[in-house]
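Please open the model in your viewer and keep the selection panel at hand.

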Amino acid sequence: MSSKRSRPFYGWLIVLLSAVGLFLGAPLVVFSFSVFFKPMVVDFHASRGAVSFAFSLFNFVGALSIPCVGMVIDRFGAKRVILVSTLLYGLVLCTALWVGDSLWQLYFFFTVLGVAMASGPAPVPYGVVISHWFNRYRGLALGLSMMGIGIGSVVVPILSQHLIAMFGWRSAFAIFGGTVLLMPLPVIAAWLQNDPKQRGLRLDGDEQIPLSRLALPDKQGLSWHEIWRSPTFWVLIFIFSLAGASVHGVVLHLAAIFTDRGVSVARAATATSIVGVAVIAGRLGSGYLLDRLFAPRVAFLFYSATALGIAILGTGAQGNLALVASFLAGLGMGAEVESMGYMISRYFGLVAFGTAYGVAFGAFMISGSAGVFLMGVGYDRFHSYTVPLASLCVAMVLALILLTRLGRYRYGVEAESHQAIEAVQIASGA
């Protein structure tokens, strides 16, 4: 018995697998888009608004797909969805080699890519898996699993810049697609599990109980119909939407903001990577704090940093101050995804978690696409990013105000732990 207890909890392997699966998801298409942005503007002889629309399409179709994906996950489990979608994602990236010189072909490529990524190397499916493995350490586990996005946000933009310089943006996408098919896909297929019961374990690695004696219900929570009618859910949706528009609009135009101010392309890529470093800090910091503090307060802390960073960039700051502003903006981006999943699981439980998280993340993506598009259109209209950045700063302040209006959890750590204790007592005949 003691040897079994001394083994590391299998759930931490699930966290590692999730990080590996997420490494070439958002870091490639979201965080590196600003690196691909100007080469595509030049290649297609198009305006910044027109090329920004490609990313808006990617986000929009992904946002429409994610709620449906969440429903499928709630019914059949996340692993099957992740495997099929990751395979499709890798194959679609490889088809970048056949994207022609017309804008409609670029739009079609990003549209299909949005559908493929929404249900594969994306936070929602992996967030569902992590939330079913952890209760007391759910925040930390979500933060660590999203480290794949954070690390990728540092590495992938710089690597993308080198690949684009050597082979062009189409070949860069294709190289990444081949990497997806060769690395994360087989590992996830072999080791990923939907929940601890599949290995005879309990949440958080507590004492093992034979499955035949495990009386604990699989899930607690509200039905999707109940969640849909909850005012708290819609307040959360509005908060995530405002934050999504702000962080996506700033980060995906960050390289262009820097180069417009006379900064070299290499230094602009470095600024994008600094955002990645901030995302890592945000992931770790928010994940650690979510298990110890009230989640809206944690989100308030990191979103305040983002609002400050946007405000500094809006003043036209250059040099090291602009790099500091990039870091502050990235802190909020690092905290948003796990805070979203954590708060939804605590306010509404896990019965319809995939669906609720999918709808929330879909709204987040739609607002993100709107933020990127409006930043591009705003630049074309004002020939400067000053007005768009000021608007996004106002949006972040409104999100901060709404965070202060959220009430107590309905499905907190204590409630779930108490239910687990009662189940153990029932199973043991106490």
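The stops below concern aromatic pairs, then charges over rings.

The model is predicted: local features need pLDDT of at least 70, side-chain atom pairs count only at pLDDT 80 or more, and totals for chains, interfaces and linings use all residues. Residues are numbered from 1 along each chain as its sequence is written, and side-chain values use heavy atoms, with hydrogens and water left out.

Begin with all Phe, Tyr and Trp rings; a search of the whole structure finds 29 aromatic pairs. Rings of Phe, Tyr and Trp (its six-membered ring) pair if their centres lie within 6.5 Å; planes under 30 degrees apart count as stacked, over 60 as edge-to-face and the rest as tilted.

Select Phe33 and Phe55, a tilted pair at 5.1 Å centre to centre with 45° between the planes. Phe33 belongs to helix α4 (residues 33–44) and Phe55 to helix α5 (residues 48–76), so the pair ties together parts 22 residues apart in sequence. Helices are DSSP runs (H or I, at least four residues), numbered from the N terminus. Both Phe33 and Phe55 are buried, a term for under 20% relative accessible area (1.4 Å probe, protein chains only).

Next select Trp169 and Phe173, an edge-to-face pair at 6.2 Å centre to centre and 90° between the planes. Trp169 is buried at 4% relative accessibility, and Phe173 is buried at 2%.

Finally, select Arg48, which lies over the face of Tyr379, 4.4 Å from the ring centre. A charge sits over a ring if NZ of Lys or CZ of Arg is within 6 Å of the ring centre and within 35 degrees of the ring normal.

Definitions and conventions: Helix = DSSP H or I, 4+ residues; strand = E, 2+ residues; numbered from the N terminus. Buried < 20%, exposed > 50% of the residue type's maximum accessible area, 1.4 Å probe, protein only.
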